[in-house]
Amino acid sequence: MNQPPVAAQEQIIPDIVRQHVEQAAFLWAQRDLLAAQEPPDEKVIADIDRRLEANLDGVRVAGSAVWPFVIAAYNDFPEKGELFLYGWTAIEQTDGQRILEAVEEGRTRDDDAHGLVGALAWHDAKAIRPLVRNWIASEDEFKRYLAVAACLEHGVDPKDLLVRLVRDPDMRVRATSLRLAGTAKRGDLVREIATALESQHEAVRLSGALALNELGHAALAKPELHKQVLANGPDALIALRAIVKIGPDKDVRTWMGGLLKSPDTAPLAVRGAGMLGDRTILNWLIRQMRDPTLAVAAGGALLELFPEARNADLFTLDPADIGQAFEDHFGDFSPNLPVADKVAAWGRAAALLG
C-alpha cells in the first residue's frame with residue numbers, strides 16, 4: 001500500500017501513535033469476537049467500546065501522519081481488526097484513495113470483509129451516506145454488498161432500491177438485503193422474500209426465513225428454520241432463536257425435546273432451553289453441565305437466564321479443573337466451561353435452588 005507523502009507527516013510521538021493504532025485494531029477484533037458470543041456480555045463490550053473510542057481519538061489527533069502506522073499494522077497482520085482500522089481511518093479523513101484501497105483489501109477476504117463492514121457501522125450514518133449512495137447502485141457486486149451491509153448495521157431502509165436488491169443476482173447482496181427487508185419491516189416485499197425460500201443458496205434461504213418471521217409470516221418461515229437447526233450449521237442458533245420467537249412455548253418445548261434425543265442436536269436443545277426464559281430449569285442445566293458434550297451449551301443457557309452469573313467465577317478454561325472426562329473430551333484447551341459444582345453452590349446461596 002502507498003505511503004503518504006513526507007509533507008503529510010505531522011509532529012507526532014511515534015510510539016504513542018503506534019500504540020493507539022495497534023490497540024484500536026486489537027480492541028475492535030476483540031469486541032467483534034465477544035459480540036458474536038451466545039449470549040454476548042454487553043457490560044464487557046461497553047467497556048471495550050470506551051477503550052476503543054479513546055484509541056480512535058488518538059488516531060484522529062495524529063491526522064494524516066497516522067498512515068505509516070496504519071499501513072504497517074495491516075501489512076504485518078492483515079486481519080479483520082487491522083482492516084477495520086484501515087477503513088475507519090480512510091472514512092474519518094474522507095480520503096477517497098485510501099477508501100478504495102480498503103475496499104480492494106476487503107474484496108480479497110473470505111470473511112465477508114467483516115472489518116470493513118465494522119468500520120462502516122462504527123461511523124455515523126451521515127458520514128458514510130455519500131459512499132452508500134454511490135455503492136448501492138454500483139455494477140460492482142462487492143460495493144453493493146458493502147452498501148447494503150452498512151444499511152443493515154445502521155437500520156436504514158433504502159426504499160425503492162430494496163425491491164431490486166432482494167432479487168440481486170449476487171448471493172451475498174441478496175442475503176443481506178433480505179435481512180434488511182425484515183428489520184425494516186418491509187411488508188410490501190413479502191412475495192419477493194418468499195421466493196428466496198426456493199434458492200439453492202443456504203444463506204439466502206435463511207435470510208428469507210428470518211425476514212418472513214420478522215414480518216409476521218411464521219408459517220412460511222418455520223420449515224426452513226427447522227431445516228437450518230437440524231442441519232446444525234454455523235447459523236443454527238440464529239434459526240433456533242427465531243423458532244423460539246415464533247412459539248407457542250409448548251410447541252417449542254416439544255420440538256426441542258426431539259432435538260435432545262439426538263447427539264448431533266442435543267447441544268442445541270440445551271442451549272435453546274436458555275432462550276425460553278424459564279429460570280426454574282437451573283437444576284436441569286446443572287445436570288447437563290456434567291456432560292462434556294453438553295457443558296458449553298448449558299453454560300450459554302445459564303448466562304442467558306442468569307446474567308448475574310457472569311460475575312460469580314463459575315467458569316474455567318482448564319478442563320482438568322472439572323475432571324478426566326472433560327480433559328479427554330477437550331484436551332489441554334477448551335472454551336469457557338461451567339463448573340457444575342460451583343454453579344450448584346452459587347444457585348443454593350442465591351436461593352435459586354431448592
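## Around Thr-316

The backbone nitrogen of Asp-318 lies 3.1 Å from a polar atom of the Thr-316 side chain. That side chain also makes a polar contact (a pair of N or O atoms within 3.5 Å, one able to donate a hydrogen and the other to accept it) with the side chain of Asp-321, at 2.6 Å.

Thr-316 sits in strand 1, residues 315-316, and is buried, with a relative accessible area of 9% (buried means under 20%, with a 1.4 Å probe and protein chains only). Leaving aside residues up to four places away in sequence, Thr-316 touches Asp-321, Ile-322, Ser-334, Pro-335, Asn-336, Leu-337 and Val-339, where contact means heavy atoms within 4.5 Å.

## About the model

This is a predicted model, where local features need pLDDT of at least 70 and side-chain atom pairs count only at pLDDT 80 or more, while totals for chains, interfaces and linings use all residues. Residues are numbered from 1 along each chain as its sequence is written, and side-chain values use heavy atoms, leaving out hydrogens and water.

## Helices 16 and 18

Helices here are DSSP runs of H or I with at least four residues, and strands are E runs of at least two, numbered from the N terminus. The axes of helix 16 (residues 266-273) and helix 18 (residues 295-305) come within 7 Å and cross at roughly 10 degrees, so helix 16 is roughly parallel to helix 18 (angles under 35 degrees). Axes are lines fitted to C-alpha atoms, for helices over the stretch in contact, with angles from 0 to 180 degrees between N-to-C directions.

Technical notes: Parallel < 35°, antiparallel > 145°, perpendicular 65-115°, else oblique. Buried < 20%, exposed > 50% of the residue type's maximum accessible area, 1.4 Å probe, protein only.
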